[in-house]
Amino acid sequence: MSKLNFINRALLSIVMLPAALYRKSGANTQQVRSILLYKLMMDDRRPSGLQLSKTRADKAPISGSSFRTVFVSAIMGCFYVFPFFITNDALTTFTIYYTMFIVMLALTLITDFTSVLIDVRDNFIILPKPVSDASFVIARILHITAHVLKIMLPMSVPGLIATGIKYGWLSTIPFLAMVFPAVAFTIFLINAIYLLVLKLSTPEKFKSILSYIQIGFVILVYGSYQILPRMVSSVIDASSIIGYHPLLLVVPPYWFAATMQQLILTKNELVVWIAMALSLLMPVIGMIAVVRFFAPTFNQKLSMIASGSVADTPGKKHNSRWSKQSYSQWLSTIISRNRLERHAFLFSWKMMLRNRDFKLKVYPGFGYIIVIIVASMLRSKSNTNLFELLRLDSPHASSMAVLAVLYLPGLTSMGAYAQTLYTENSKAGWIFHTSALQQPGRLIAGSAKAVLAQLQMPMLLLFSIVLFIINGWVMVPHILLAFFNLALMLTVTVLLGNRHLPWTMPVNKSNQGTTVIKTLLNMLLLVVLAGVHALLIKLPYGIWMILPISILACWFCFKSITNLRWHQVQLQEQ
Amino acid sequence: MAAAITIKNLWKSYSGNAVLKGINLEVHAGQVIGYIGPNGAGKTTTVKILCGLLAGYEGEVWIGDINIKEQPLEAKRKIGFIPELAELYENLTPHEFLHFMAALYELDADTAELRMQKMLSAFSLEANLHQRMDTFSKGMRQKVLITAGLLHNPEIIVMDEPLSGLDANSVIIVKELISKLAAEGKTIFYSSHMMDVVEKVSDRIILINQGTVVADGSFEELKKEQGNQSLENIFAQLTSNNSLHEAATDLMNAFK
């Protein structure tokens with residue numbers, strides 16, 4: 001039984017300390033211990049909740065997830081200490097600190113509740129065994145506790161050290177004491193969010209909402225590390241303070257910050273005293289609410305989410321299915337006259353919208369682009385504003401900023417196209433192989449067009465509108481050229497090495513090594529195309545001259561894709 | 001002596017829809033019960049109640065002289081459950097998983113070790129004992145589940161489609177195993193769709209349809225009552241409203 005690593009062994013010992021108490025509540029402590037032991041062992045072999053995707057490239061068994069979780073949590077904790085450097089006001093420092101702490105912890109845990117902590121298989125595996133309800137519930141609560149401890153302890157260490165350095169080592173004691181109410185409040189917050197969303201939607205939809213929360217989380221983390229320190233340091237200077245406005249009482253992190261301040265250096269302000277009372281009362285009230293009102297239905301509802309039981313949701317009626325044309329159907333008639341290609345377009349269109357794994361991998365990329373653009377705007381220290389920077393004839397900026405805005409989405413849609421080849425359901429691809437298709441290339445062409453239409457066009461359109469407002473009609477040829485160049489880039493990468501049928505490759509086949517090389521090649525191609533574009537800006541009518549060539553090349557490449565025969569398509573063995 | 005399993009007037013409904021409508025059964029020790037019925041007849045619901053997975057039913061369910069509602073833990077100790085879907089924690093190895101299961105039954109580790117070694121060797125899985133189960137085929141997982149269900153040597157074994165995914169040789173082993181367990185006085189409650197297996201292993205067949213028992217007896221008795229025909233035909237006769245041949249004809253008519 002010594003297969004647990006020391007982190008999990010320590011956690012197990014900690015949560016099993018009040019064993020006598022559990023026994024008193026009617027639990028069989030031996031069984032509780034066994035359940036916890038194996039749950040922790042399984043957690044260690046699961047990709048950590050802080051990693052985005054559950055799939056991995058190599059088949060090597062995962063182990064030591066706990067170490068990664070602890071490490072990543074500690075790193076995240078390091079980012080929360082920046083307020084210690086930018087302001088000298090304790091109240092301001094700790095308000096920013098607790099805001100980040102609570103938000104990040106909540107976002108980390110919110111997905112773990114369904115993916116790690118509530119396991120529907122328990123219903124079939126543990127419940128038929130002679131395990132009492134008390135043992136089962138206590139084991140579950142302790143599992144959640146151990147999981148939370150594993151994240152929150154390393155996460156608060158950097159803050160603890162920063163507090164010690166700045167406010168004296170004695171102040172680390174109140175800091176440690178305040179971690180627990182803050183965490184209790186966060187758990188209450190998560191419960192409340194779950195319950196609220198469940199009230200408003202079905203368990204099935206809830207899963208999608210969860211994945212959007214996850215996507216938002218990844219973008220937020222990325223964005224805040226890129227942008228936040230820069231923004232905050234320009235807004236707040238060492239002398240600014242958050243103050244004692246009564247409205248601040250609606251901000252929970254303020255409560256905890258107030259208590260920290262009062263424990264370090266007491267200030268006689270009524271608002272602070274109220275905030276301090278709230279920080280101690282609210283977690284207790286919250287926990288009572290969780291145990292009394294939320295917990296009974298919570299577990300049950302969560303297992304409904306995890307099992308995705310749709311028994312009670314009657315299927316939607318599609319009476320007008322054939323009579324009314326949807327947007328995607330209308331688009332499909334534009335992109336091709338070939339019926340097979342249109343259906344391939346619709347197939348990929350729907351798969352991209354419905355495949356949770358695809359969204360988790362691709363959508364953050366679009367968020368990154370916006371983050372990159374905003375961050376690079378902030379980085380240029382000159383006084384040029386966004387407007388000035390994106391002016392083609394601006395004396396301050398080169399045309400590179402404009403081209404970057406136009407071409408960057410291409411990199412993401414390129415990545416998105418690569419993802420349309422993979423699915424958990426790859427075996428369903430037999431249907432293409434057994435059908436008597438003459439031109440399997442039509443499937444690839446339709447799918448590629450779906451990526452362009454669903455992911456690239458809206459992004460490009462959005463940026464184009466911004467650029468059009470700033471620059472006016474002079475922007476039009478540039479937008480057109482960028483559009484066709486990006487389409488050309490996609491078709492070239494398809495022809496050069498992605499000649500797979502859409503949605504037929506098993507996920508674990510995606511080889512990391514070649515993906516890196518492909519991404520580099522994509523970037524090179526992007527630089528070449530954008531470079532040609534940049535050179536021609538200087539020439540009068542240069543863009544208008546190259547545009548027909550780009551359109552022609554694009555048409556030719558699509559033609560070549562549709563003409564691919566079976567022996568030219570890279571097949572996945574079924 | 002009390003019957004091994006007694007079900008008295010069992011009713012169960014989900015949000016107003018009655019799934020079980022007054023099931024009455026008495027199963028004696030050493031009997032192999034084949035529990036069959038069409039999809040949605042209430043087979044799995046009965047199995048879940050029998051294993052203590054479902055509460056909120058009306059009527060009584062007794063395991064020997066233990067009422068499941070009143071003493072669920074004592075009842076569960078006597079039952080071994082082999083579920084239908086290969087539900088197990090695939091991150092664990094069979095060795096870890098089975099020790100976990102043994103701990104939940106409070107079976108001592110040495111006995112558990114000895115038993116799992118022997119049982120998994122019988123299934124030719126001894127080489128995979130320390131391999132994580134995420135790479136296992138459906139059949140291999142099912143073998144581990146069967147082992148998990150039998151490990152604590154239960155008096156009553158409840159099986160829900162236990163042969164799914166097993167290859168022909170393993171099916172033979174399990175069928176033999178069922179008769180040997182019955183010979184030792186174990187009671188087997190076998191819920192399945194596979195008529196040919198039910199026909200061969202059970203010494204009593206219970207057919208349920210829309211929540212009620214529509215036939216109960218040995219295969220020979222059923223044949224006598226329903227005319228000398230296969231279990232498949234008896235099943236069709238008792239559970240289908242429309243002629244199945246008509247359905248096939250309707251399907252063919254789609255081409256016309």
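Trainee: Which residue forms a salt bridge with B:K180, and how far apart are the closest N and O atoms?

Mentor: Start with the general idea. Side chains of opposite charge can pair when their charged atoms come close. This is a predicted model, so read each pair as part of a prediction. Here B:K180 pairs with B:E176, and their closest N and O atoms are 3.6 Å apart. Both sit in helix α6 (residues 168-183) of chain B. They are four residues apart, so about one helical turn separates them. B:K180 is exposed, at 54% relative accessible area. B:E176 is partly exposed, at 46%.

Trainee: Where in chain A do A:D357 and A:K361 lie?

Mentor: In helix α15 (residues 356-379). They too are four residues apart, about one helical turn. A:D357 counts as buried because its relative accessibility is 18%, and the cut-off is under 20%. A:K361 is partly exposed, at 29%.

Trainee: Which parts of chain B does the pair B:E106 and B:R77 tie together?

Mentor: B:E106 is in the loop between α3 (94-104) and α4 (109-122), and B:R77 is in helix α2 (residues 72-78). The pair therefore ties together parts 29 residues apart in sequence. The closest N and O atoms are 3.6 Å apart. Both residues are partly exposed: B:E106 at 43%, B:R77 at 35%.

Trainee: How much area do chain A and chain B bury between them?

Mentor: The general idea again. The size of an interface is often given as the accessible area lost when the parts come together. Here the two chains bury about 2,600 Å², with 64% of it on carbon and sulfur atoms. In chain A, the residues losing the most area to chain B are A:R45, A:F124 and A:P130. Together they make up 25% of what that side buries. By residue count, 30 of chain A contact 28 of chain B.

Trainee: What else crosses the interface, and which element of chain A gives the most residues?

Mentor: Six residue pairs are in polar contact, with both residues at pLDDT 80 or more. Two elements of chain A give two or more residues to this side: α3 (29-44) and α7 (121-125). Of these, α3(A) gives the most, with seven residues. By class, this side has 14 nonpolar, six polar and 10 charged residues.

Trainee: What ipTM does the predictor give the complex?

Mentor: An ipTM of 0.81, with a pTM of 0.73.

Note on methods:
Residues numbered from 1 in each chain as written. Chains lettered and ligands numbered in written order. Predicted model: local features only at pLDDT ≥ 70, side-chain atom pairs only at ≥ 80, totals over all residues. Heavy atoms only, no water. Contact = heavy atoms within 4.5 Å. Buried area = accessible area lost by both parts, 1.4 Å probe. Polar contact = N/O pair within 3.5 Å; in protein donor to acceptor, adjacent residues only side chain to side chain. Nonpolar A, V, L, I, M, F, W, Y, C, P; charged D, E, K, R; others polar. Buried < 20%, exposed > 50% of the residue type's maximum accessible area, 1.4 Å probe, protein only. Salt bridge = Lys/Arg side-chain N within 4 Å of Asp/Glu carboxyl O.
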